[in-house]
Amino acid sequence: MAARLFSVASLTALARWAPALVFMARWLVICTLLSVGVGSASALFLVALDWATHWRESNPWIVALLPLGGFLIGLMYHYWGRSVEGGNNLLLETIHRPRSPIPFRMAPLILIGTVGTHLFGGSAGREGTALQLGGAIADRLTPVFRLRPRDRRLLLIAGISAGFGSVFGTPLAGAIFGLEVFLVGRLSYEALFPAFAAAIGADYVTRWWQVGHTHYHIPAVPDLTPAYALYAALAGLAFGATALLFGTLTHGIGRVFKARLAFAPLRPLVGGLLVAGAVWALGSTRYIGLGVPVIVESFEQPLSPLDFILKILFTALTLGAGFKGGEVTPLFFIGATLGSALSAWLPLPTALLAGMGFVAVFAGAANTPLACILMALELFGAACGPYVAIACVVAYLCTGHRGIYGAQVIGQAKQLRWGRQQGQRLTDLTRPKP
């Protein structure tokens, strides 16, 4: 009798668990394939980017060809890439309204365009490329597994998570970024398992290819006191204002170029002339490319405020003119150098302020505070957590309903008085009134 009751109980429990087990097994297979593809693509991209950076720094004369490089990138997208010009915003729009498949050409075009931007001397990042590689590769699995629109949405979130996590070596932040980025103020919990499985798997594959990531170190973190919490909040205000300035300037420059130059390939040509001219005038390549050496330097000593100001200008001009690449690594540069400069006024360790700025400016610009807090824990260690959390949350609130991704939809308003804006895209709120 007892055995029969145990058997019935086991079958009942199995029946309850079966849907979850089937869901996890199915998505584990999908995310394994996705991880191999995206992790390998990220490894190839990072190796190519490293080569382009070293070649440019060894041959600085190539910056004089930045206008020509921009024109070629513009021609490439004008004739073959119009359907994928939306880039990251196209991915976010597809998550909100899954319709036509994302063209696979997005992957090779963004890879070539970003490496070309860095080779010739533009100031751009790598996150945009990673997300688009992840999204384009992920959508190839939609017909293979005959995914319905709601499952395709999960797949694209997993692809974004895999791309972000593998290119920065931060799989936990990558997973949360994929869940957080498309809806301001809300997380998409139904995609929790696919996002984490893809991000962790893709990061493992990238490391398996023996592609490393830059390490940053915060040697000392003081115990949090009310006074130090206030200083962290003040720094967060500065980081949020800087994120807002960066997004406003980049979008504004983009609108000016589009209004003045109807033929799209001419925009990066003119922008390249301006950037190359600025490099020549300064006599330095400090503010082009990723700027990783300067980021590392910001953790070691206080830097001049000119560093973050000039990086904002170089990056806004590069991306606003139509060059390809991401915004995130330049935002790391801007935030870290700003934090380093703030150590002259705020009584917090230079490395700690640099680390806070590293993630907080990005949190404000991308509206992804949770992902940025996790990124700091993965990169710098858990000790900085309270300071980073304060800076990221304050920066996130300070930027309001603005950001670098216009296709983000407001899932939950940042303040109750902005409740009427829920459900709207950031682009609709920031578009200039006629």
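Phe 164, Phe 168, Phe 177, Tyr 216, Phe 299, Phe 332, Phe 358, Phe 362 and Phe 380 make up one aromatic cluster. The model is predicted: local features need pLDDT of at least 70, side-chain atom pairs count only at pLDDT 80 or more, and totals for chains, interfaces and linings use all residues. Residues are numbered from 1 along each chain as its sequence is written, and side-chain values use heavy atoms, with hydrogens and water left out.

**Aromatic pairs**

- The structure holds 19 aromatic pairs. Rings of Phe, Tyr and Trp (its six-membered ring) pair if their centres lie within 6.5 Å; planes under 30 degrees apart are stacked, over 60 edge-to-face, and the rest tilted.
- Phe 164 and Phe 362 are a stacked pair, because their ring centres are 6.1 Å apart and their planes lie at 15°.
- This pair links distant parts of the chain, with Phe 164 in helix α7 (residues 149–168) and Phe 362 in helix α15, 198 residues apart. Helices (H or I, at least four residues) are DSSP runs, numbered from the N terminus.
- Phe 164 is buried, at 1% relative accessibility. Phe 362 also has a relative accessible area of 1% and is buried. Buried means under 20% relative accessible area, exposed over 50%, and partly exposed in between (1.4 Å probe, protein chains only).
- Phe 332 and Phe 362 are edge-to-face, because their centres are 5.8 Å apart and their planes lie at 80°.
- The pair of Phe 332 and Phe 362 joins helix α14 (residues 328–342) to helix α15, across 30 residues. Both Phe 332 and Phe 362 are buried.

**Charges over rings**

- The charged end of Lys 311 sits over the ring of Phe 333, 4.9 Å from its centre. The rule asks for NZ of Lys or CZ of Arg within 6 Å of the ring centre and within 35 degrees of the ring normal.
- Lys 414 lies over the face of Tyr 396, at 4.1 Å from the ring centre.

**Nonpolar core**

- The largest nonpolar core has 130 residues, of which Phe 239, Phe 299, Met 356 and Phe 358 touch the most other members.
- Helix α15 (residues 350–366) contributes the most to this core, with 13 residues.
- Such a core is a set of buried Ala, Val, Leu, Ile, Met, Phe, Trp, Tyr and Cys residues joined through side-chain atoms within 4.5 Å.
- Beyond its neighbours within four places in sequence, Phe 239 is in contact with residues including Gly 335, Leu 338, Leu 342, Leu 353, Met 356, Ala 360 and Ala 391. Contact means heavy atoms within 4.5 Å.

- Thr 315 is in helix α13 (residues 305–320). It is buried, at 0% relative accessibility.
- Setting aside neighbours within four places in sequence, Thr 315 is in contact with Ser 123, Phe 246, Gly 320 and Pro 330.
- Asp 151 lies in helix α7. It is buried, with a relative accessible area of 9%.
- Asp 151 touches Arg 26 and Trp 27, not counting residues up to four places away in sequence.

**Second largest pocket**

- The second largest pocket has a volume of about 610 Å³. Its lining has 28 residues, and Asp 50, Arg 126, Thr 214, Leu 290 and Val 292 lie nearest its centre.
- Elements α1 (2–58), α7 and α12 (292–298) each give two or more residues to this lining. The largest share, 8 residues, comes from α1.
- On a 1 Å grid over the protein atoms alone, a pocket is an open set of points with protein on both sides within 12 Å along at least five of seven lines; a cavity is a set of points where a 1.4 Å probe fits but cannot get out; lining residues have an atom within 4 Å of a point.
- Grid points are joined across faces, edges and corners, and a volume is the space filled by probe spheres set on the points.

**Cavity and Leu 91**

- There is 1 cavity of 30 Å³ or more. The largest cavity holds about 40 Å³ of space.
- Asn 88, Leu 91, Leu 92, Leu 131, Ile 160, Val 181 and Tyr 405 line the largest cavity. Helix α3 (residues 88–96) gives the largest share of this lining, 3 residues.
- Leu 91 is found in helix α3. It is buried, with a relative accessible area of 3%.
- Leaving aside neighbours within four places in sequence, Leu 91 is in contact with Ile 102, Met 106, Leu 131, Gln 132, Gly 135 and Ile 160.
- Leu 91 and Leu 111 are 20 residues apart in sequence and 16 Å apart in space, C-alpha to C-alpha.
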